[in-house]
Amino acid sequence: MNWNRLILSSFTMMVRYKLRTFLMSIGVVLGVAALVVMRSYGAGAEQEMMEKVNRMFSASSLYLQAGKGGMAGDPAKPATSLTLEDLTAIQDQLPTIQAWDPLLVTSANIGVEGLNRSTSLWSNGEQGELVWGRSVVSGEFFSKADIASASRVALLGDKTALYFFGERDPVGLEIRIDGNVYRVKGVLEPIGTDPHGMDRDDEVHIPISTMMRRVKNVDYISGAKILVKQENQVEETVAGIHQILMERHVIQDHEDRDYSLITPEVVRWMVARMNRVFKVFLPVAACLALLVASLVIANIMLMTVKERVPEIGLRKAIGATNPQIAAQFLLETFSVTVMSGLIGILLGLAVMAVMSEMASLKVIISPSAIILGLAAAVVSGMIAGYLPARKAARMDPVEALR
Amino acid sequence: MIECKGICKSYDRPGEPPLHVLSAIDLTINKGEFIAIVGPSGSGKSTLMHILGLLDRADSGSFRLNGMDASDMNQGQLAAARNQHIGFVFQQFHLLPRATAVENVALPLIYSQTTNPEERAIEALCSVGLEDRIKHFPTQLSGGQQQRVAIARALVTNPGLILADEPTGNLDQASGKEIMNLFHQLNQNGRTIVFITHDRALAAQAKRVLKIEEGRLSEICEQEIAGVLA
């Protein structure tokens, strides 16, 4: 048996039967391309999200949220029971806590010299820089005095700064927040979009005291980020916080808590869940598409077997054994699917290049996506080639030549 | 070269008694013979040809090709024997439509160990006078030329025996004559040729004529051939 010649002839026939080859390959090409794109995009999205999450929420941070929890946009009315005093009490009683920073967000109308725009207004305490891991690229962060005196100072996201001031350095200049004059103290380090899709570079920060007393006139906060000194102290800290808050808020064990505590573990689980659609669901959809493509190929191959009955008889007459006939038809299917797989991978890579260029999406060309694409092509070849090859091999040469 | 003793072959038919196609065929073919097999349609000519060509097995009796007993051989050995010892020529040529003449001729070499298949295929094409049609596709060739490509394919493994099933059945008279001349030439070079035909004039060109009627084989002697022809 001369394998080289058999392989060569199956490739030659692939080229000579162009329409058939095209019809057979199109499904696999598109399926593999989709698989590669989804795998790579999923890997990119996950890495990007993890980077953001790690930056905003390291393994030694906790997020305390007022209210029972639930997703953003929950129709429940805002919880008003969490106060700065709660946090102070927690820090006083738990030596494992390194620092904390309160969170209270609203939206406000920002105006500078005739330019107006609504944006989100955030607030920080004096440890905000440390706790959120985000400093300023120019100017200064809020000082202790700013917090103590609820002064009218603001930090701008770099996009906000660019919008209102262009290339000018805004530090020391004035902006209006809901009509009141604030002095720009600094420009925040850019951090991109957060996992919720919010652009964190287009926002304004003011001291928490200013936010509570002057802007919102409330005595509660919506949450706080807490840094634990060491990663292995997270668990005991969580237990301590529960104890303190349940005591302070007079909550019995069987009652619903009026706050929720998000741990690094929960955050990672949520991110993984969000990425499941890219990492599992979409690739499964692509695999289903490939299965359909395999069935199309199997169908076409079965028809060619029918059409090539005399050829099969002839090949047997000139010395082909049944396994050799099967090998030939499998090879013909394989050469089409493997070639389609390679084209599909290239197409997928091209689509990703365009995607990351045009939509500035982070895309990782993961070797696993390419291996997966090739494996999918080979598997579809096996699924598609098996039945036709078996049918051809079992043919009786005398019948076939008639 | 070929020794058949008591070959029987029958086919089962649903709801009817089995059809006895060949009954007790005894036949010896020596190296270098040129034999025609004649007989009416359905008389078992093709079945005999398939058994001689190792494509089909007899129900009983013994069949030996070049000293090998066909009943002892497994599928792989039968295929190898077909490849090495037998060249088939069919009425419908059975060329691959999208393969060139040389690719068609080289086809049997896929199933054997040959180092220079291309060269051997071109050699075989030259020996049937098609040296200027090497890269042509079957549709670009006349019927006679296509059959010569098929003969070249039968010759490429250099088999001792050529089995031809109505090789001129699809050809006009002139092309048929060409093909017969080619067979004569091959026979002169020492190849054993067995061909089936309906055409008594063609049969008369053979050195030996066998007749099958209702599954029985009989030899027609030279005088009879003349008589049959008359």
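Guide: Let's start at the hairpin of strand 3 and strand 4 of chain A, where 2 residues sit between the strands and A:Glu113 takes a positive phi near 45°. Keep in mind that this is a predicted model: local features need pLDDT of at least 70 and side-chain atom pairs count only at pLDDT 80 or more, while totals for chains, interfaces and linings use all residues. On labels, residues are numbered from 1 along each chain as its sequence is written, and chains are lettered from A and ligands numbered from 1 in the order in which they are written. Helices (H or I, at least four residues) and strands (E, at least two) are DSSP runs, numbered from the N terminus.

One of the facing pairs puts A:Ile110 opposite A:Arg117 in strand 4 of chain A. Strand 4 of chain A is also joined by 5 bridges to strand 9 of chain A (residues 203-207), and these two run parallel. There, A:Ser120 has A:Glu203 of strand 9 of chain A as its bridge partner.

Chain A holds 13 helices and 11 strands. Its radius of gyration (taken over C-alpha atoms) is 32 Å, well over the 21 Å that the globule rule gives for 402 residues, so chain A is more spread out than a compact globule. That rule, for reference, is 2.2 Å times the number of residues to the power 0.38. The C-alpha trace of chain A spans about 100 × 55 × 35 Å along its principal axes. Of the 402 residues in chain A, 36% are buried, which takes 20 or more other C-beta atoms within 10 Å of a residue's own; 12 or fewer makes it exposed, anything in between is partly exposed, and the C-beta atoms are placed from the backbone. Among contacts in chain A with a separation of 6 or more, 82% link residues 24 or more positions apart; a contact means C-beta atoms, placed from the backbone, within 7 Å.

Helix 11 of chain A is worth a stop. At 1.5 Å a residue, its 37 residues should span 54 Å, and its end C-alpha atoms are 53 Å apart, which agrees; the expected span is 1.5 Å times one less than the number of residues. After helix 11 of chain A comes A:Ser360, with a positive phi near 40°.

The contact between the chains uses 21 residues from chain A and 25 residues from chain B. On chain A's side, the elements giving two or more residues are helix 1 (3-16), helix 10 (309-317), helix 11 (322-358) and helix 13 (397-401). Helix 1 of chain A gives the largest share, 5 residues.

Over in chain B, there's an open sheet of 6 strands in the order 6-7-8-3-9-10, with mixed pairing. Its edge strands are strand 6 (86-90) and strand 10 (216-220) of chain B, each pairing on one side only. Strand 6 of chain B runs parallel to strand 7 of chain B, joined by 5 bridges, with B:Phe90 opposite B:Asp165 in strand 7. Strand 7 of chain B pairs with strand 8 of chain B (residues 192-196) in the parallel sense, again over 5 bridges, and B:Asp165 has B:Ile196 as its bridge partner in strand 8 of chain B. From strand 7 of chain B, B:Leu161, B:Leu163 and B:Asp165 point one way and B:Ile162 and B:Ala164 the other, and all are buried.

Helix 5 of chain B (residues 143-155) is mostly covered, with 11 of its 13 residues buried. The cover includes strand 6, helix 3 (101-110), helix 4 (117-127), strand 7 (161-165) and helix 6 (173-188) of chain B.

Finally, back to positive phi, where we came in. B:Phe93, not a glycine, has a phi of about 65° and lies in the loop between strand 6 and helix 3 of chain B. B:Phe93 is buried, with 23 other C-beta atoms within 10 Å. B:Asn66 has a positive phi of about 50°, yet counts as partly exposed, with 13 C-beta neighbours inside 10 Å.

Note on methods: Contact = placed C-beta atoms within 7 Å. Pairing = 2+ DSSP bridges.
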